[in-house]
Amino acid sequence: MSLSEQWRAARVPVAGVHLDSAACSRQSNAVIEVAAAHARHEAEVGGYVAGEAAAPALDAGRAAVRALAGMAEAEVVFTTGSNHALDLLLSSWQGPRTLACLHGEYGPNLTIMAANGFEARLLPVDESGRLRVDAAAAVLRADPPALVHLTVLGSHRGIVQPLAELAQVCRDLGLPLVVDAAQGLGHVDCAVGPDVLYTSSRKWLAGPRGVGALAVRPELYAQLVPRWAPMELHEANIGSRLGFSLALGEHLADGPANTQARLAEIGALTRGVLADIAGWQVVEPAAEPSAITTLRPLDGAEPAVVRARLIAEHGIITTACEVGRAPHEMDGPVLRVSPHVDGSAADLEQFAAALVAVSS
C-alpha cells in the first residue's frame with residue numbers, strides 16, 4: 001500500500017475534498033482515539049493522576065520534536081500553538097530587542113514582535129520572496145541583530161526558504177537562529193539544528209488543534225526569564241498534547257523523507273493541473289518542493305467569496321489568504337490550495353472544474 005493509500009485509510013472518509021492542510025490537516029483515527037482515551041482516563045482516575053500517567057508518552061512527543069528539528073539536547077515546551085510559542089520566547093528574552101526576518105514575514109508574527117518591543121529588520125529576498133543568502137549574510141555581518149528569525153515556509157506562498165544555508169550563516173556569525181516551522185515541520189526538512197524552533201500541531205503533522213511546541217537549545221533556554229513560571233502551562237488539554245505526540249510518531253513512522261517527497265510531488269501535480277485556469281495565475285514555480293499552491297485572481301474574483309462558494313456549492317475546502325498574512329509582500333488576496341499526501345489528480349480536477357464554475 002502506498003503512503004497516500006495508508007494515510008487515507010487511517011482516517012475517516014473525507015466529506016467532500018480537503019485541500020486545506022496548510023490550515024488544518026485531517027487527524028488519524030488513532031490520534032483522535034488517544035485524546036478520547038485520555039479524557040476517559042481523567043474521568044476514571046482524576047485529571048491530575050491521568051496527567052502523571054501520560055508523562056512517558058509526552059516525553060516521546062518531545063523527543064520527536066528534537067529529532068525533526070535536529071536539536072538533540074533541546075528543551076521542548078508544549079504550547080497552545082505557534083503564536084503562543086513565539087510570544088513565549090520573545091517575552092522571555094533578556095537581550096537587545098532587534099530581530100532580522102523575511103520581507104514576507106507572517107503578519108501575526110510581526111504583531112507579536114512589535115508587542116514585545118522588537119525592532120524587525122527585513123532581510124533581502126528575490127522576486128519570488130526567497131531569501132538571498134549571500135546578501136543576507138552581508139547584512140547580518142555588517143549590523144548583527146540579537147536574533148535571526150526565519151519562517152521556513154510561509155502561510156501565504158509555497159516558497160521553501162533556504163533554511164540549511166541560513167543556519168550555516170548564523171553559526172558562522174554566532175547569531176541565534178529562530179525557526180518558525182508552523183508550515184515547515186512535517187512538510188520540508190527542518191533538521192538543521194537551529195537555536196530555537198517552534199511549530200503547531202494541526203497543519204502538516206495532522207495533530208489536534210490548540211497545541212504546539214517550542215524547542216530551545218539548553219544554553220539559550222537557561223537565559224530566558226518568562227513573565228511567570230513555569231515556561232510550560234501545566235493546566236492544559238493533556239489529551240491534545242498526547243494526540244500531537246502520537247501524530248509526531250506517525251510522521252516518523254511514515255518516514256519524513258517519504259512524506260516530503262510525496263508532498264513535493266502533489267504540489268507539482270497541483271500546479272500542473274491549475275496552470276491554465278482562466279482568470280487565475282499560479283504564484284509558485286512548477287517544481288517548488290512544497291504542497292502549498294497559491295492562485296492570484298486576474299479578473300477581479302474575490303478569494304474569500306470564491307472560498308465560501310467552493311465550500312457551500314461543492315464541498316471543497318481551501319483558504320483565502322488576505323494581505324494581512326504578509327503585509328510587506330502581498331499586494332492582494334490569494335486563494336491557497338494545500339492537499340496532503342493523500343491528494344489525487346481526481347481531487348484536483350474536481351477542484352479545477354469547481355473553481356471555473358464559482359469564479360466565472
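A residue is called buried if its relative accessible area is under 20%, exposed if over 50%, and partly exposed in between, with a 1.4 Å probe and protein chains only. The model I present today is predicted, so local features need pLDDT of at least 70, side-chain atom pairs count only at pLDDT 80 or more, and totals for chains, interfaces and linings use all residues. Residues are numbered from 1 along each chain as its sequence is written, and side-chain values use heavy atoms, with hydrogens and water left out.

Let me begin with the whole chain. Buried residues account for 53% of its 360 residues. The C-alpha trace spans about 60 × 55 × 35 Å along its principal axes.

I turn now to the aromatic rings. Rings of Phe, Tyr and Trp (its six-membered ring) pair if their centres lie within 6.5 Å; planes under 30 degrees apart are stacked, over 60 edge-to-face, and the rest tilted. The count is one aromatic pair. Phe78 and Phe244 form this edge-to-face pair, with 6.3 Å from centre to centre and 70° between the planes. Both Phe78 and Phe244 are buried.

Finally, consider Lys203. The unreviewed UniProt entry annotates Lys203 as "modified residue: N6-(pyridoxal phosphate)lysine"; such annotations may be inferred rather than shown by experiment, their positions follow the numbering used here, and feature names are shortened. Is Lys203 buried or exposed? Lys203 is buried, because its relative accessible area is 10%. Beyond its neighbours within four places in sequence, Lys203 is in contact (heavy atoms within 4.5 Å) with Ser21, Ala22, Ala23, Ser25, Ala182 and Gln183.
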